[in-house]
Amino acid sequence: KLDQLASCELVIEAAVEITGVPERRLPGAVEAAIYYVVAESLTNAARHGAASSATVAVSFSGDTVNVEIADNGRGGASLEAGSGLRGLVDRVEALGGELALSSPHGAGTLVRAELPLREPAESAPAPPPQLGGGLAMLSTEVSWEPVSVLISAAESAGEEMLSLLSD
């Protein structure tokens, strides 16, 4: 049976119209996100939506790029139903963008992603607040459970306190 399954081919024919392809290259992360949004949307249209046609439209507005994928399939797609579309939301939001889905039953699906045309900034973690004085605060919680001790100190006082605790 596995041999039969391995030799099967799934061919789905659907007309796809693509408009607005930019002449210039986009930032790498944005270009990759657009690729995944389009690929997943077209795959879903063919596999799950039984679409016979789809459009992919790329447009620019100020410092953002928009990509819309629309199909004439059966609709009913949901961000909660599977991991593919949910993963697209995560990918687009990680770049500071937004992904929207409209997929009423019987009326096809529209996936729209809006992404900023800039590379995501590496955000450094915020430094901890600096409290004045040597040992700034010592807090102890005692219960019948294991005891937790929180020590917060400025500069080298923290290292000295940790060395005393480890002895």
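**Figure 1. Contacts of serine 103 in the predicted model.** In this predicted model, serine 103 touches Gly75, Gly76, Ala77, Gly108 and Thr109, leaving aside neighbours within four places in sequence. Serine 103 sits in the loop between β4 and β5. Its relative accessible area is 13%. Serine 103 therefore counts as buried, the cut-off being under 20%. A polar atom of the serine 103 side chain lies 2.8 Å from the backbone nitrogen of alanine 77. The side chain of serine 103 also makes a polar contact with the side chain of threonine 109, at 2.7 Å.

**Figure 2. Threonine 109 in strand β5.** Threonine 109 belongs to strand β5. Is threonine 109 buried or exposed? Its relative accessible area is 12%, so threonine 109 is buried. Leaving out residues up to four places away in sequence, threonine 109 touches Ile69, Ala70, Asp71, Gly75, Ala77, Leu101, Ser102 and Ser103. One of these, Ser103, is also its side-chain polar partner at 2.7 Å. Across from threonine 109 in β5 stands aspartate 71.

Figure 3. Strand β4 covers residues 98-102 and pairs with β5 in the antiparallel sense. Five bridges hold this pairing. Glutamate 98 has glutamate 114 of β5 as its bridge partner. Six residues separate the two strands of the hairpin. Glycine 106 is in the turn and has a positive phi of about 80 degrees. Serine 103 is in the loop between β4 and β5.

**Figure 4. The β3-β5 pairing.** Strand β3 spans residues 64-71, and strand β5 spans residues 109-116. The two run antiparallel and are joined by eight bridges. Which residue of β5 is the bridge partner of threonine 64? That partner is proline 116. Aspartate 71 stands opposite threonine 109.

**Figure 5. The five-stranded open sheet.** The strand order is β1-β2-β3-β5-β4, with mixed pairing. β1 (15-19) and β4 are the edge strands, each pairing on one side only. Neighbouring strands of the sheet are turned by 10 degrees against each other on average, direction ignored. In this order β5 stands between β3 and β4. Eight bridges join β5 to β3, and five join β5 to β4.

**Figure 6. Two helices across the strands.** Helix α2 comprises residues 28-47. Helix α2 lies across β1, β2 (53-61), β3, β4 and β5. Its angle to β3 is about 10 degrees. Helix α3 comprises residues 83-94 and lies across β4 and β5. Its angle to β4 is about 150 degrees.

**Figure 7. The largest nonpolar core.** This core has 21 residues. Those with the most contacts inside the core are Ile34, Val37, Val65, Val67, Leu99 and Leu115. Which elements each supply at least two residues of the core? They are α2, β2, β3, α3 and β5. Helix α2 gives the largest share, five residues.

**Figure 8. Leucine 115 and its contacts.** Leucine 115 is among the core residues with the most contacts inside the core. Leaving aside neighbours within four places in sequence, leucine 115 is in contact with Val30, Ala33, Ile34, Asp63, Thr64, Val65, Val92, Leu95 and Gly97. Among these contacts are Ile34 and Val65, both also listed with the most contacts inside the core.

**Figure 9. Alanine 50 between α2 and β2.** Alanine 50 is in the loop between α2 and β2. Its phi is near 55 degrees, a positive value in a residue other than glycine. Is alanine 50 buried or partly exposed? Its relative accessibility is 48%, so alanine 50 counts as partly exposed.

**Figure 10. The chain around these views.** The chain contains four helices and seven strands. From the N terminus on, the elements run α-β-α-β-β-α-β-β-β-β-α. Of its 167 residues, 25% count as buried. Among contacts between residues at least 6 apart in sequence, 56% join residues at least 24 apart. The accessible surface comes to about 11,700 Å². Carbon and sulfur atoms account for 54% of that surface.

How values were computed: Residues are numbered from 1 along each chain as its sequence is written. This is a predicted model: local features need pLDDT of at least 70, side-chain atom pairs count only at pLDDT 80 or more; totals for chains, interfaces and linings use all residues. Side-chain values use heavy atoms; hydrogens and water are left out. Two strands pair if DSSP finds at least two bridges between them. Buried means under 20% relative accessible area, exposed over 50%, partly exposed in between (1.4 Å probe, protein chains only). A polar contact is a pair of N or O atoms within 3.5 Å; within protein, one must be able to donate a hydrogen and the other to accept it, and residues adjacent in sequence count only if both atoms are side-chain atoms. Contact means heavy atoms within 4.5 Å. Axes are lines fitted to C-alpha atoms, for helices over the stretch in contact, and angles run from 0 to 180 degrees between N-to-C directions. A nonpolar core is a set of buried Ala, Val, Leu, Ile, Met, Phe, Trp, Tyr and Cys residues joined through side-chain atoms within 4.5 Å. Accessible areas come from the Shrake-Rupley method with a 1.4 Å probe; for residues, only the protein chains shown count as cover.
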